[in-house]
Amino acid sequence: MVKSLQDINSDFCKHKVFLSFSGPLSQDLTVEMGEILKTKMKLEGATISTILKVFSIMVEVNHNIIHYSAEKAFKNGITTEQGKTGCGIITIGQEKDTYYLMAGNLIEKSSVLKLKDSLNKLISMDSQELKKFYKEKRKQGPDADSKGAGLGFIEIARKVSCPLEYDFRDVENDLAFFSLKTIV
Amino acid sequence: MDNLIIEATKYTPEIKFDAENNQLELTGETYPENTAEFYAPVFSWLDEYLEQIEDNMVTVNLEINYFNSSSSKVLMDMFDKFEETVNEGKKITLNWIYDKDNESALEYGEEFQEDLETLKLNLMEKSQ
């Protein structure tokens with residue numbers, strides 16, 4: 001068991017991951033991860049615009065995990081000093097001359113189809129269509145099952161420089177693992 | 001009526017709504033995990049305030065470096081509220097102050113501007 005940690009680490013090194021987190025995410029952690037991400041990217045000479053794009057994708061995926069992950073760190077919605085939490089995994093790394101961010105969490109199998117449809121819809125849109133869709137949704141207000149404005153994935157799709165990639169894998173009983181890859 | 005003063009945190013903006021001088025300022029970053037909860041008191045203050053401004057000239061200054069997607073919705077709702085108030089014949093000047101080094105801040109301002117019909121959102125470069 002103890003040896004496998006080094007395997008995980010070398011896997012991360014191979015994929016040039018420089019920031020990762022796995023476990024219960026909270027708003028405070030989101031802020032701290034954001035601070036270190038911005039500092040690191042700034043030191044590497046990334047432009048303000050690139051830094052803000054990666055940072056804002058990180059905020060959106062973290063909030064998605066906090067609100068929608070089917071895996072909760074604390075049973076029965078117990079809130080901690082950190083407020084609401086949800087479990088997931090985030091990795092941020094470099095690939096050639098781009099940054100990438102991957103996020104994963106468990107979701108109910110019953111929501112896979114709907115999520116897949118909305119992601120496919122976003123992937124098929126060009127930047128003008130995404131802008132129009134974003135503004136329509138912003139005027140309209142969220143769907144009933146949304147805990148925010150229902151704009152998170154559109155926001156992410158507007159920030160990436162390559163189409164979103166995703167994967168759904170059945171895990172157990174009613175659960176599936178949802179992975180998202182974004183490139184800036 | 002009382003002023004509304006909320007200090008900034010790392011993820012919520014400083015709010016200085018001065019009812020006496022009719023000067024409303026919102027400055028900083030906004031990405032709370034529960035946007036509705038944070039902004040509820042802000043909106044109830046605004047409802048009460050806008051009801052009684054009569055023909056006073058109100059100035060709203062927004063200087064927001066970053067907002068997440070659910071805060072974007074909140075800002076749109078706030079602008080819609082200002083627009084309704086202006087449509088009733090009241091006077092509001094709405095300024096979107098952006099840092100020229102942050103190109104998306106100007107773009108975001110323009111996108112809000114496009115979605116307002118009668119209320120003008122003034123895009124102003126922040127003086128250094």
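**Briefing: chains A and B of a predicted model**

Of the 184 residues of chain A, 32% count as buried. A residue is buried if 20 or more other C-beta atoms, placed from the backbone, lie within 10 Å of its own; it is exposed if the number is 12 or fewer, and partly exposed in between. The model is predicted: local features need pLDDT of at least 70 and side-chain atom pairs count only at pLDDT 80 or more, while totals for chains, interfaces and linings use all residues. Residues are numbered from 1 along each chain as its sequence is written, and chains are lettered from A, with ligands numbered from 1, in the order in which they are written.

**Chain A overall**

- Chain A has six helices and five strands. Helices (H or I, at least four residues) and strands (E, at least two) are DSSP runs, numbered from the N terminus.
- Along the sequence, their pattern is α-β-α-α-β-β-α-α-α-β-β.
- The C-alpha atoms of chain A fill a box of roughly 50 × 45 × 30 Å, taken along the principal axes.
- Among contacts in chain A with a separation of 6 or more, 62% join residues 24 or more positions apart. Two residues are in contact if their C-beta atoms, placed from the backbone, lie within 7 Å.

**Where the chains meet**

- Chain A gives 20 residues to the contact, and chain B gives 18 residues.
- On the chain A side, α2 (27-43), α3 (48-68), α5 (127-140) and α6 (152-159) each supply at least two residues.

- Six strands of chain B form an open sheet in the order β1-β2-β3-β4-β5-β6, with mixed pairing. Two strands pair if DSSP finds at least two bridges between them.
- β1 (4-6) and β6 (121-125) of chain B stand at the edges with a single partner strand each, so one side of each has no neighbour in the sheet.
- β3 (residues 23-30) and β4 (residues 57-67) of chain B run parallel, joined by eight bridges.
- Which residue in β4(B) is the bridge partner of Glu29(B)? The partner is Tyr66(B).
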